[in-house]
Amino acid sequence: MAKDTFLNRKTTLNLKGKLVDLSTPAVMGILNLTADSFYSESRISSVELALKRAESIINEGGLFIDIGAYSSRPGAEEVSEAEEVDKIVTAVAAISETFPDVFLSIDTFRAKVARAAVEAGAHIINDIAAGNMDEDMFETVADLNVPYLIMHMKGTPKTMQQHTNYHHMMLEMTSYFSEKVDRLKKLGVKDIILDPGFGFSKTLDQNYELLQHMEDLNIFELPVLAGLSRKSMIYKFLGGGPEQALNGTTALNTIALLKGANILRVHDVKAAAQCIALVGKTQEQQYG
């Protein structure tokens with residue numbers, strides 16, 4: 001990618017007074033507090049295991065830890081708001097106390113969960129529904145004054161794969177984000193991150209079309225996250241299951257970085273960090 005393509009993009013985030021620069025891409029490690037995640041090896045069932053996973057993410061080069069307690073895979077079991085709050089707050093409090101310098105992202109579409117998590121020490125809200133599943137989310141994020149990660153999805157996690165009809169997917173996605181970003185900026189939200197939503201409301205071929213045209217999102221001049229880790233778009237094409245999808249994940253993460261991704265959200269932190277280092281080294285030789 002040509003560096004001048006991204007000169008005007010906002011690449012900094014204010015994380016409770018600490019400024020983080022994403023001009024060099026960063027890794028967001030996944031920490032699942034649910035027994036229903038699509039990738040079985042990522043499931044965490046206790047505070048002790050959560051702390052062990054957090055330490056691993058940090059040691060392997062992760063800048064962010066994305067904590068979720070509600071599985072978004074199709075057919076996942078319902079999790080009550082009270083249970084989600086309890087799991088998230090317990091984990092955030094423990095991780096913040098043990099690793100005070102780590103940045104915590106909370107994967108939730110519920111405003112009350114978002115507020116409880118930030119008050120417990122979290123820094124970012126990661127909302128797969130971009131406010132569509134809780135009408136209070138935008139105002140809550142604005143009030144909390146934290147960065148907000150919004151993803152493209154149509155329908156809900158249970159119905160999303162019934163909504164894969166597009167006249168022009170990238171134009172519709174651009175319109176979707178344009179409306180969301182405009183509303184958020186009017187509410188005073190200063191730090192917005194875009195996630196095109198690989199695997200959400202998209203067929204296998206649409207996922208690859210999205211990856212091919214991901215740089216179209218640079219029109220917003222905002223940081224972009226790529227969440228490709230071990231997803232079905234890899235193993236349904238290559239064969240096997242999530243457990244065999246690390247090599248494919250690394251290949252697609254490389255393409256995403258070349259298309260302008262600022263954050264890689266992954267299960268395998270060390271592999272993603274190495275991917276970023278190698279792509280950066282290549283670009284250093286090209287533009288140095």
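Here, a residue is called buried when its relative accessible area is under 20%. Keep that in mind for the views below, which come from a predicted model.

**View 1. Strand S4 and its buried residues.**
Where do the side chains of S4 point? Phe64, Asp66 and Gly68 go one way, Ile65 and Ile67 go the other way, and all are buried.

**View 2. The neighbours of S4.**
S4 takes in residues 64-68, and it pairs with strand S5 (residues 103-107) in the parallel sense, over five bridges. Look for Ile65, which sits opposite Leu104 in S5. Asp66, in turn, has Ser105 of S5 opposite it. S3 is a partner of S4 too, again parallel and over five bridges. In that pairing, Ile30 faces Asp66 in S4.

Step back and you'll find an open sheet of eight strands with parallel pairing, running in the order S8-S7-S6-S5-S4-S3-S10-S9. Which strands stand at the edges? They are S8 (192-195) and S9 (225-226); each has a single partner strand, so one side of each is left without a neighbour in the sheet.

**View 3. Where helices H1 and H2 cross.**
H1 also packs with helix H2 (residues 81-98), at an angle of about 50° and with the two axes 10 Å apart. That angle makes H1 oblique to H2. As for handedness, the crossing of H1 and H2 is right-handed. Who makes the contact? On the H1 side, look for Val47, Ala50, Leu51 and Ala54; on the H2 side, look for Thr90, Ala94, Ile95 and Thr98.

**View 4. The buried face of helix H6.**
Which residues of H6 (residues 204-212) are buried? They are Gln206, Asn207, Leu210 and Leu211. Looking down the axis of H6, you'd see these buried residues fall within an arc of 140°, so they line one face of the helix. And what covers them? Part of the cover comes from other helices, including H5 (169-187), H7 (232-238) and H8 (246-258).

Technical notes: Residues numbered from 1 in each chain as written. Predicted model: local features only at pLDDT ≥ 70, side-chain atom pairs only at ≥ 80, totals over all residues. Heavy atoms only, no water. Pairing = 2+ DSSP bridges. Helix = DSSP H or I, 4+ residues; strand = E, 2+ residues; numbered from the N terminus. Buried < 20%, exposed > 50% of the residue type's maximum accessible area, 1.4 Å probe, protein only. Arc of directions from axis to C-beta. Contact = heavy atoms within 4.5 Å. Axes fitted to C-alpha atoms, helices over the stretch in contact; angles between N-to-C directions. Parallel < 35°, antiparallel > 145°, perpendicular 65-115°, else oblique. Left-handed = near helix turned anticlockwise from the far one by under 90°.
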